[in-house]
There are 12 protein chains.
Amino acid sequence: MATILLLSGPNLNLFGTREPEIYGPDTLDDMVGDARDAASKAGYDLEHVQSNHEGDLVDAIHEARGRCAAVIVNAGALTHSSYALADALAAFDGVKVELHVSNPSAREAWRQTSVIAPSVTGVVAGFGRAGYRLAVEATITKLEDER
Amino acid sequence: MATILLLSGPNLNLFGTREPEIYGPDTLDDMVGDARDAASKAGYDLEHVQSNHEGDLVDAIHEARGRCAAVIVNAGALTHSSYALADALAAFDGVKVELHVSNPSAREAWRQTSVIAPSVTGVVAGFGRAGYRLAVEATITKLEDER
Amino acid sequence: MATILLLSGPNLNLFGTREPEIYGPDTLDDMVGDARDAASKAGYDLEHVQSNHEGDLVDAIHEARGRCAAVIVNAGALTHSSYALADALAAFDGVKVELHVSNPSAREAWRQTSVIAPSVTGVVAGFGRAGYRLAVEATITKLEDER
Amino acid sequence: MATILLLSGPNLNLFGTREPEIYGPDTLDDMVGDARDAASKAGYDLEHVQSNHEGDLVDAIHEARGRCAAVIVNAGALTHSSYALADALAAFDGVKVELHVSNPSAREAWRQTSVIAPSVTGVVAGFGRAGYRLAVEATITKLEDER
Amino acid sequence: MATILLLSGPNLNLFGTREPEIYGPDTLDDMVGDARDAASKAGYDLEHVQSNHEGDLVDAIHEARGRCAAVIVNAGALTHSSYALADALAAFDGVKVELHVSNPSAREAWRQTSVIAPSVTGVVAGFGRAGYRLAVEATITKLEDER
Amino acid sequence: MATILLLSGPNLNLFGTREPEIYGPDTLDDMVGDARDAASKAGYDLEHVQSNHEGDLVDAIHEARGRCAAVIVNAGALTHSSYALADALAAFDGVKVELHVSNPSAREAWRQTSVIAPSVTGVVAGFGRAGYRLAVEATITKLEDER
Amino acid sequence: MATILLLSGPNLNLFGTREPEIYGPDTLDDMVGDARDAASKAGYDLEHVQSNHEGDLVDAIHEARGRCAAVIVNAGALTHSSYALADALAAFDGVKVELHVSNPSAREAWRQTSVIAPSVTGVVAGFGRAGYRLAVEATITKLEDER
Amino acid sequence: MATILLLSGPNLNLFGTREPEIYGPDTLDDMVGDARDAASKAGYDLEHVQSNHEGDLVDAIHEARGRCAAVIVNAGALTHSSYALADALAAFDGVKVELHVSNPSAREAWRQTSVIAPSVTGVVAGFGRAGYRLAVEATITKLEDER
Amino acid sequence: MATILLLSGPNLNLFGTREPEIYGPDTLDDMVGDARDAASKAGYDLEHVQSNHEGDLVDAIHEARGRCAAVIVNAGALTHSSYALADALAAFDGVKVELHVSNPSAREAWRQTSVIAPSVTGVVAGFGRAGYRLAVEATITKLEDER
Amino acid sequence: MATILLLSGPNLNLFGTREPEIYGPDTLDDMVGDARDAASKAGYDLEHVQSNHEGDLVDAIHEARGRCAAVIVNAGALTHSSYALADALAAFDGVKVELHVSNPSAREAWRQTSVIAPSVTGVVAGFGRAGYRLAVEATITKLEDER
Amino acid sequence: MATILLLSGPNLNLFGTREPEIYGPDTLDDMVGDARDAASKAGYDLEHVQSNHEGDLVDAIHEARGRCAAVIVNAGALTHSSYALADALAAFDGVKVELHVSNPSAREAWRQTSVIAPSVTGVVAGFGRAGYRLAVEATITKLEDER
Amino acid sequence: MATILLLSGPNLNLFGTREPEIYGPDTLDDMVGDARDAASKAGYDLEHVQSNHEGDLVDAIHEARGRCAAVIVNAGALTHSSYALADALAAFDGVKVELHVSNPSAREAWRQTSVIAPSVTGVVAGFGRAGYRLAVEATITKLEDER
């Protein structure tokens, strides 16, 4: 059974308690649950790693090389500054999806540039909790296209 | 039956014949067909307008006000310069999704800024032909969330 | 009887229904009516063209050459990007007034640069519906100064 | 009888003698006279303060708080650099109009940014001497709209 | 007989009457006539489309795909902002020449960047009316080189 | 008894009446009173100068040279543009503290650069009325450290 | 007894041995000791965390949510690049103070922009070792103001 | 006897006591004395105005119009920000010389742009006290050239 | 017989051996031969100077003043940095044509700005070897237009 | 026996498997082996730390203070963003060498600025695997120069 | 007898024939003659080198090291781009004066930055032919001050 | 015996006498001697060209094509501006090494961008005199790798 790695970056563990007018009332567990359900419905396994440490996210991508079919990453604030994550994603051969709960382009100027976007296959942003399920479906569609 | 307006901007009528290494082998009709199927499967109607004229796209959004539940827009090159489209989208009360077949962030510098992104609900980019179906599903998810 | 051409750019047909907290409750018809009244009170004819198409606005300015004494243009979002309009205005020999209902300088950064401003005689901005009447009066004052 | 404060910034006392090809042949007294006539015709009092000192202009706005209904300011070169004036205008509750005799956007690059524009109600620029009368009329229109 | 499409963008229909100190006394008909003569002398057909609408120019390039051997485009002010034209030219397989009557680099700053230049084969600028004939000759030279 | 000069720049005389949601309900007199109490409790004299004139603030710093032990300056909007104040502070040998009632970094972009900051010993910002007392205490701590 | 969290970012563990001409001869222990004394004198508890890992600082802020009344953060070099810290501070409901031993504005250009400043209540910078005590006093003042 | 106006801007009254490693040991009186001697040796009168107020410098230039043959201005820090001074100099018909004691281009970045330089005849910078005499000689040379 | 000076800047002597995928297989001699033929066919003499030294190119333009009717310059990399060449061309009274074998706008960013373009009559770029003949023809057309 | 610390930043553990067309076929172990051999041949000990965590790299530099004679750092993507590393290196008294396997200046724009370069003694970049040996030799040369 | 080296950069040999409305009617010989007279009147020798080659100017400065007391350089267009000249001047121990006939700040944007200015003692600009004599006098004054 | 060309750009002939605190006490002859020794020890010939003329350096690279195996270039100030050198290096097929005695990134801002770096194989910077030997060793290592 193929595996999808779902990564959650800094501060995303606070979903549900942090700025709910932006991120909504749902917790990260709710969102990961949706992602897992979508994956398992399509016959995929989903692993989830959340960390506030850039290095942990890079490590997790490395460990997924050759083992996972795809990486979905909501890098939080690291989206806008982490070239290390961008390099790690570039070194991962598989489908790579950038995910955001809010629509960063409708917020502060610094959220409008993603340094990881040039390294990914596609982007899903702005759909709130539903984005987790949609990103999994998009990932699986790409995986099956590529077969 | 609620209606979703799908807009295709300049040069998208060339899908399938234009730079297939970037945009893939499928035609716009193929893509719109997928979108229509996804909509109808969920009980929605999908209208499609393609134009190389910014004004036609603005007109279509205006005509959709109060009549359509959502707009999905692949604005092509206008994504990066049309404030008129951005204003038209801002004046549309409903779900608004920005769609791209390729991942613009992995291409020329000028494709990395979307002037319409601040006016939309969410973005789906980089999933090729599959993006059309995914954008419809994302749109419908948001419409049903908001009920 | 001398004629003044009044041009309304993209999305201005939505006045009264679009973001009323910015643009107020009045319709474009209300505003054009005020402009026409002000013109006719001073013995001038006023023609109005609204279009969401840049090309239509350029065409209208061309058709006014040698036939109209002045052009008043509220170019909407095209104010900030249309060098074609700027060139068309530069090629019109007569009084040219840039008009805005809101005060663009108090809004988003991209609304703070007008690419047509270097081609006009003067600017009237921020006076809401009243701006239409004021722009006509300003135009007529300039026309009569120049005699 | 409600009062309008008219402020003239640095170098405007030279109108009529300074670069007449840009500013025209009329003196500041001529222009203020026109403004006063327009005000008094509508039942308003007009006070005028000219100074080459930024601090005097700020002081005058402060003294007008609670006493005057509106401020019209032609800040001259301070338009482009005086955040102190911008803050003083922001602290004035009433109609605030930015006025220019020439059209700054058609001149040097540094004249194309107004740091006070985000603090005003509206702008009247480029109508030469007539701008003084027009600015008063625009001001009064706004005052009467707000009643 | 191979065909060359000649496109003229916004405001170029005014040649001969607009700013003759920049564009010279000749009309667009004069210039197109020269181009047609140069083409026919070399055994080529020349079609001409002028429009103030970006969309019409994009449409014309699309209709020329597979039917015309080359496109010569004087895009006027759209040269400096139309990514849609740039994309349309990129999707045209053939010789593509950017043409200007004046030398844009010797004029305003915004005329010094051509967003379509990266999509063309070559550029001919600054030779006034003669540029039309020269652009046709350059185009034919390239067409014959490529055989 | 050593003396501390407290300077208040343009518009600060309006504290308590100007944008109370930003600056709070307290008047400048309240704030200066707090500062004076803090100074006198530690055996220091405090002089206060408020002016809307940059030149007055520069003059006051000059007059303090050799006479006062420290300068605390809330330069208001001049913080962001007055190189003359920066030079005056650089020429003052003693403790120099930059003070703000609000946190300028959380406001408009232009408030995020202080041109006087490179000339001061330290900064106290964002503590509202309490900042006056804290700045005096910080100043006295530095004065006593340097003995 | 209410608790204040004091955070020290990368390289601050070197105080006393690193560039003493900039940071002074005192160790971080000396500084934290001062902060703890000031807190306990006012009846507050102070916890201190130092780490060279951005993720540890984010974790510590998360763990303080709902448990600590305030956070004082000297983020060292992360001040200028860590949007993750900025987001963590934004998600902390309480008093947040940015602290620096030196005056960053008087040093290299990159030290003049704080990306965390928009997320804090206030800033204390440039007072050397004394800044620790002053920041605690400022924090407590704000806490007591808000009761 | 023709008169030359010598203007000294903010902080220049501190020459001799302020940063002598940059400005040297001589006082402004020494420098003005040299300038006066040079003027009188050539049969010219020299008036001197020093002020820390931008408005006073503008006023002085206005008062010199039609009365003085030339203005020499060492605007101090206002050199780099005062468009009001630039406009006042532009409105003065005569020789205008910008003078600096130090070489601003060898100092901070903000001292490398002079906003008044486009309005002057010539510049003398970097010669210390001797610059005053040299600027007077340069001014007189130009005055006599123009006769 | 009128003379045209053809200048070739740094590295152009390598044509035919340097990056043939960009510059093609032809040598500079081939290209100059074509240019000479085109000139002589029209009754003009063509002189050619190639140098890797900016100063030699400036010298050659000086020596052409009053002796040659036109200068055609392919300045190579100096196109993008040599203000000295720009000044030399500005001081040459005659037709001046900027020539490039490749289309610089389709290459690195630094090749997209020509500092000499504001000093020339016209530009011919992107036509490979054929550009030499076309530039001569364009030059002669301009020379004969101006008679 | 003196010790050299060799640091490898994020993603460098992937050498040999990641983008071999850029980084070559050799593993990090191969490279570190070469470095160790070069060190030991000269009588030096070499310690190696690889981490994807910025904090670990900072910690390692701290632990090397007073214990190691030199630090060689290939910071990977952190080269371009980590001011914390720059500060840690600045606080290390000894030889500090920045090392890159590829030549970052020939790659993406963001790889062309090194924020750590101002803190190091020297740079060795672009020599592939051989760079490790060369950096060690360069380091030892500097260490022996300084004796 | 001490020697002053006067350097004239590219295109200055054209003085008197090039753009006389900017540079005046006098030749370089006239100007150098004035400089020589001024030098010899004060007991100094003046050598003059004009070249259109940057390298010649650098060579001349090198040859003047230890032999000449001062260098006066009018670098023409190289003023704005030649870091090699800036470095050569920095390596010359003596008085160094930057000279311009026109006032570059009143011309094109690129003439407003001098890359050599940070390496010189002082600047004399805008005095036309008289600048040569004034620069020599300024140089000698500095030389005699430094004795 | 294979030959390495060593190029020294403007002002490098002054090593040993110019700013020894930056460049050290050794002469260029010392450094070239070290380079020659290192080359001959490995069985290579080393030729050295020093010139203050950009054109000479370009000429030397051209003459080395097909004759030398590698070029080592310390371009001095031309590093930061000479696109002609960059193009010449790009046209040289062989190992190309950029060498600096100091670490340019630790100096003025303009020294932090190398326009030739994208054209070279590798960079050695900051090792003082030792850099010459190290660059030769690095060059030979690359040459032997490529066999």
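**View 1. Polar contacts between chain A and chain B.** Eight residue pairs, both partners at pLDDT 80 or more, are in polar contact between chain A and chain B. A polar contact here is a pair of N or O atoms within 3.5 Å; within protein, one must be able to donate a hydrogen and the other to accept it, and residues adjacent in sequence count only if both atoms are side-chain atoms. What about salt bridges across this interface? The rule (a side-chain nitrogen of Lys or Arg within 4 Å of a carboxyl oxygen of Asp or Glu) finds zero. Keep in mind that this is a predicted model, where local features need pLDDT of at least 70 and side-chain atom pairs count only at pLDDT 80 or more, while totals for chains, interfaces and linings use all residues. Residues are numbered from 1 along each chain as its sequence is written, chains are lettered from A, and side-chain values use heavy atoms, leaving out hydrogens and water.

**View 2. The area buried between chain A and chain B.** About 1700 Å² is buried here, with carbon and sulfur atoms giving 58%; that is the accessible area (1.4 Å probe) lost on putting the two parts together, summed over both. In chain A, the residues losing the most area to chain B are A:Asn103, A:Val123 and A:Phe127, together 29% of what that side buries.

**View 3. Strand meets strand.** S5(A) pairs with strand S5 (residues 122-125) of chain B in the antiparallel sense, over three bridges. Pairing takes at least two bridges found by DSSP, and strands are DSSP runs (E, at least two residues) numbered from the N terminus. Look for A:Ala125, which stands opposite B:Val123 in S5(B).

Technical notes
Helix = DSSP H or I, 4+ residues; strand = E, 2+ residues; numbered from the N terminus.
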